[in-house]
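Me: I have a model open and would like to learn how to read it. Please take one feature at a time.

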Amino acid sequence: MMITEILILTYRNLIASIDKVFLIWQIIFPIFYIFISGYAYSALLGNQGIKLGEILVSYPSFLAVGMIGFNVMNSSTVAGSIIWNDKRNGMFQQILVMPFTKIQYIISNVVTIMLMGLTSAILILIIGLPTILGSANPTLWSIPYTLYSIIIGAIFFGSFTVIISTLLKSSEGFSVISNGIFLFFAFASSTFYPAEGISEPLKTAFFINPLTYIVDITRAGIYSQISDFVNVEVIIISILAIVAFSFAAVSMFRVKV
């Protein structure tokens, strides 16, 4: 019954959160970065590739895969928006009057982000296929790493936005704070450029940034570059996701109806 109720809430979230402008932006932004910024910046690098494990990949290829993790993070704002709209419209109280619990509500929000993240990842792979052909080498062993990074990224960032939405008093505050923090996550990570060769303290910021682990694991899966360090990153982001989800659950339980 709990699974059925979560699926019902997830379906309701997808219907409530589908916004044509947001969906178009989720596609247009990666296209802009991959095919405009990607090739513009690669001109500065010349024919020099970016070292990724034991292989070299072109910058557009490097960037295209990085945008998967970025879009998972970007999609997570939906979770906070759903909560704000539900609280403002009185829907949150109505849902809890029905046979739904707060924990089912938060799980359904996270599942919503997972589905959006997976869909977004497929779209980016299709869009960026011309750039990654010849470099990508996914295997039955490496593909689960990419899938896991998308799922665990959705759990972490979905929980993160739930926490922010329960702590702040206005939707405007939620937008400003979440966008500001996500800007740090995006540009102080390996999404747009590799961590190797970056000077301190920026390099330290890279490796305290959860998005770096998500993007690194995604790339390791697609390019089949699984290493001991990647496995350590899997453990770290898993712990962070569990902690974030626990805090999100506690925050939701404290929300007064």
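Me: Is Asn 71 buried or exposed, and why?

Reply: Buried means under 20% relative accessible area, exposed over 50%, and partly exposed in between, with a 1.4 Å probe and protein chains only. Asn 71 has 0% relative accessibility, so it counts as buried. This is a predicted model: local features need pLDDT of at least 70, side-chain atom pairs count only at pLDDT 80 or more, and totals for chains, interfaces and linings use all residues. Residues are numbered from 1 along each chain as its sequence is written, and side-chain values use heavy atoms, with hydrogens and water left out.

Me: Where does Asn 71 sit, and which residues does Asn 71 touch?

Reply: Helices (H or I, at least four residues) and strands (E, at least two) are DSSP runs, numbered from the N terminus. Asn 71 belongs to helix 3, residues 59-75. A contact means heavy atoms within 4.5 Å. Leaving aside residues up to four places away in sequence, Asn 71 touches Gln 26, Pro 30, Ser 120 and Ile 124.

Me: How many helices and strands does the protein have?

Reply: The protein has 12 helices and 2 strands. In sequence order the pattern is α-α-β-β-α-α-α-α-α-α-α-α-α-α.

Me: Where does UniProt place the feature "transmembrane region"?

Reply: UniProt positions are given in the numbering used here, feature names are shortened, and annotations may be inferred rather than shown by experiment. The unreviewed UniProt entry gives residues 21-41, 61-84, 105-133, 145-167, 174-193 and 234-253. In the model, residues 174-193 are 70% helix and 0% strand, with end C-alpha atoms 28 Å apart. Residues 234-253 are 100% helix and 0% strand, and their end C-alpha atoms lie 29 Å apart.

Me: What is the phi of Ser 224, and where is Ser 224 placed?

Reply: Most residues other than glycine have a negative phi. Ser 224 is not a glycine, yet has a positive phi of about 55°. Ser 224 lies in the loop between helix 11 (210-222) and helix 12 (228-254). With a relative accessible area of 23%, Ser 224 is partly exposed.
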